[in-house]
Amino acid sequence: MSDPMRYISTRGGIEPVDFKQAVMMGLADDGGLVIPERIPDVRDRLDHWRGLDYPDLAFEVMRLFTTDLPDDELRELCRRTYGPAFEPEPAPVVRVGDRYILELWHGPTLSFKDIALQMLGNLFERILADSGGRLNILGATSGDTGSAAIAGVRGHERIDIFMLHPHGRVSPIQRRQMTTVPDDNVHNIAVEGSFDNCQQIMKTLAGDLDFKRRYSLGAVNSVNWARVLAQMVYYFAAVFRVQAETGASSVRVCVPTGNFGNILAGWYARRMGAPISTLILATNDNDILARFFRTGKYARGQVHQTLAPAMDIQVASNFERYLYYHVGEDSAELRRHMERFAETGSLEVPAAPGGVDPVIEAGAATRDEVLSAIGRCHDQTGYLLDPHTACGWAVAESLVPVAAGAGAGDCGAGEPTLCVSTAHPAKFPEAVAEATGRDDLARHPEIDKLADFEEKFDVLPDDAERVRRYIVEMVG
Ligand SMILES: *Cc1c(COP(=O)(O)O)cnc(C)c1O
């Protein structure tokens with residue numbers, strides 16, 4: 001039995017809560033982010049963990065943080081979540097050229113978000129069954145989050161999900177992944193406006209505390225602690241695999257990032273003792289995070305549309321968690337930084353010539369670099385990268401030059417590099433076609449099937465009151 005784990009806020013303004021409360025809270029009530037009060041050291045059990053399958057490893061990692069859930073319930077949750085929904089398994093590792101790729105898109109919607117959102121849906125259901133409550137999830141999406149969130153809660157009895165997307169402005173594949181789900185608890189709303197309008201509606205309704213309470217409004221966005229926690233597991237699983245193949249004592253891990261959610265989970269795993277030497281942070285042209293880690297300056301810019309739309313983000317919602325640790329777990333100092341950022345659009349920390357943090361190397365990939373990475377990787381190895389993964393591939397290439405000469409790459413003598421792959425290329429066929437000159441490569445039977453199903457969504461004006469009435473009518 002582990003010591004009870006409690007959760008606090010990065011801004012220091014909440015009483016410690018347990019895991020279930022942290023999951024239901026989403027954003028901390030003081031406006032900060034929920035974090036565990038301590039990070040367990042697991043180095044003494046890594047050898048035991050190496051032998052576990054994915055569901056059992058998930059159980060071992062998560063139970064350190066979920067001490068208010070009985071072990072048998074958590075074990076069952078992990079078995080159910082990481083079973084047949086992931087084919088052939090949640091986190092396979094494949095060798096591609098001189099690198100390893102961690103494929104995180106074997107879940108129902110073919111992006112890495114399934115790994116956390118399948119777990120979050122099951123956790124919500126478990127917690128609501130205990131409390132006898134209901135939950136109405138309200139979300140806004142420009143792409144992958146919506147379908148993964150819907151897939152995570154479809155058919156769950158105590159949950160309704162209302163997902164806003166900008167009408168006519170999400171890709172047909174991404175729209176169909178949401179709107180062809182037939183379950184009665186899924187409500188797709190196409191808002192006549194932009195993604196920003198959708199987000200504004202969500203903030204207006206969630207900011208109305210009376211409405212929020214009366215209708216038990218919940219969120220599934222990437223600040224939810226359970227999402228970060230579920231993502232830690234695959235860092236352990238994948239690094240064990242690479243070590244088993246190479247005998248290396250540690251691995252460099254490259255992560256394409258937008259909201260700093262995926263890479264934050266890797267950062268926690270490393271702090272716990274996962275044998276990760278360096279994390280390589282890769283962005284697209286929206287490079288606020290890459291600039292921060294190189295210069296210490298975190299400054300908001302214009303959002304650019306890129307080939308990797310899930311990373312078209314300027315303000316990374318999970319960054320605050322990292323910054324809290326970076327400033328020595330000092331909530332007052334963290335608050336000063338976040339207030340400065342809210343006022344001026346920028347904040348700054350000291351940086352050495354090599355960057356802000358010796359553990360995190362950072363780079364940004366341009367449109368041409370992404371296209372070239374997809375094209376070259378396919379030519380040389382036959383492996384097809386999606387544009388998000390290609391951002392990582394390109395940045396890893398620029399930071400970890402592959403040694404010249406056949407067989408002398410970094411899989412052999414040096415430290416191996418593992419690139420985290422966040423989506424199946426069939427979700428982004430246009431980018432693949434542009435990169436390779438072929439439109440027959442990026443295919444997946446699940447995507448092909450979408451065309452046969454009927455779509456279900458309602459179009460509403462860009463008006464928070466109309467959306468509010470819609471929710472009230474649906475929920476009754
Ligand atoms: C959401 C997403 C990302 C970015 O993940 P963060 O946790 O926001 O860093 C990258 N790639 C794909 C395909 C995604 O859906």
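Buried means under 20% relative accessible area and exposed over 50%, with partly exposed in between (1.4 Å probe, protein chains only). This is a predicted model, in which local features need pLDDT of at least 70, side-chain atom pairs count only at pLDDT 80 or more, and totals for chains, interfaces and linings use all residues. Residues are numbered from 1 along each chain as its sequence is written, and side-chain values use heavy atoms, with hydrogens and water left out.

**Cysteines**
- C198 counts as buried because its relative accessibility is 0%.
- C254, at 1% relative accessibility, also counts as buried.
- The whole structure has zero disulfides, a disulfide being a pair of cysteine sulfur atoms within 2.5 Å.
- C254 is in no disulfide, and the nearest cysteine sulfur, that of C419, is 4.6 Å away.

**Helix 6**
- Helices (H or I, at least four residues) and strands (E, at least two) are DSSP runs, numbered from the N terminus.
- Helix 6 (residues 144-153) is largely enclosed by the rest of the structure, because nine of its 10 residues are buried.
- Among the buried residues of helix 6 are D144, G146 and V153.
- These buried residues pack against helix 5 (113-131), strand 5 (135-140), strand 6 (159-166), helix 7 (172-179) and strand 7 (186-192), where contact means heavy atoms within 4.5 Å.
- G155, which follows helix 6, has a positive phi near 80 degrees.

**Whole chain**
- The chain has 19 helices and 15 strands.
- Of its 476 residues, 58% are buried.
- The C-alpha trace spans about 65 × 50 × 50 Å along its principal axes.
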